[in-house]
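Good morning, colleagues. Please turn to the structure on the screen, and I shall begin with its charged side chains.

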Amino acid sequence: MPMRENAESIAVVLYPRFTLGREVGLVGADTLRTLRGRFGGQRRIQRGEVNGGPHYYLLDSPLGVEEQAVVFPDGWIAYVLASPYRVEWRTAKGASVVGAPLPFVPRPVTEEMKRAAIRRLWPKRSLDVIRPSEYPGWPATLPPFPNEAALAAPDGQVIIERFSLPGDRVRRYDIVDRSGALTARLVLDERQRLLGFGKRTAYVAYKDDDDLEWLQRFDWP
């Protein structure tokens, strides 16, 4: 099926845009590079019955993570890569800036982590119905970042959420400059999540004890 979860690779494509009368068209597509997709295998298993017939589950990898690209207003593009964990840049003029590997200590994937990853993706799916061992594509170590982890900061740096699971108690972000070097780390409470930026403002979602989410605003930097 043509779903993001099934992509083994992702193309980053540049489309020059032109205006013709009232219509806007996209022509001259240029593939800049390909990134690793999140596909980690797929498995179909049968559990129980529905309307007198077998009930099937289609299982994807709960820790399948794709590499990511972030476009900045000035035309720079940050490629957030996983193996090794690093950031490469494409300048507005098309030059390449290759960053050195960023600090990353792999964490072995435990059974507790597998259960937490399943609960995060499918909160209503019972672990008694489908065991973690039945899911495909478990990596030996946690990826450095989750899906949809990268954000463009107003100062031109890229901010990358690090992979965390329930029990970590904090949410960590790496801040990487345009040479690909780590310049700072941002640490939030586990109930906070960085959403995006204004010119000098950071917006954060906060989940309270009643499971309600609030929007918070902070000065940046």
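Predicted model: local features only at pLDDT ≥ 70, side-chain atom pairs only at ≥ 80, totals over all residues.

A salt bridge is counted here when a side-chain nitrogen of Lys or Arg lies within 4 Å of a carboxyl oxygen of Asp or Glu. Asp211 and Lys207 form such a pair, with their closest N and O atoms 3.7 Å apart. Asp211 is exposed, its relative accessible area being 55%, whereas Lys207 is partly exposed at 33%.

How many salt bridges does a search of the whole structure find? The search finds 15.

Let me take two further pairs. Glu213 forms a salt bridge with Arg193, and the closest N and O atoms are 3.3 Å apart. This pair links distant parts of the chain, for Glu213 belongs to strand E17 (residues 213-219) and Arg193 to strand E15 (residues 192-197), 20 residues apart. Glu213 is partly exposed, with 47% relative accessibility, and Arg193 is partly exposed at 33%. Arg191 forms a salt bridge with Asp189, here with 3.6 Å between the closest N and O atoms. Arg191 has a relative accessible area of 33%, and Asp189 one of 32%.

There is also a network of salt bridges, which links Arg33, Arg86 and Glu88.

I turn now to a sheet. Four strands form an open sheet in the order E7-E8-E9-E10, with antiparallel pairing. Its edge strands are E7 (68-71) and E10 (96-98), each of which pairs on one side only. On average, neighbouring strands of this sheet are turned by 20° against each other, direction ignored. Strands E7 and E8 (residues 77-82) pair over four bridges, and Ala69 has Tyr79 in E8 as its bridge partner.

Key. Residues numbered from 1 in each chain as written. Heavy atoms only, no water. Pairing = 2+ DSSP bridges. Helix = DSSP H or I, 4+ residues; strand = E, 2+ residues; numbered from the N terminus. Axes fitted to C-alpha atoms, helices over the stretch in contact; angles between N-to-C directions. Buried < 20%, exposed > 50% of the residue type's maximum accessible area, 1.4 Å probe, protein only.
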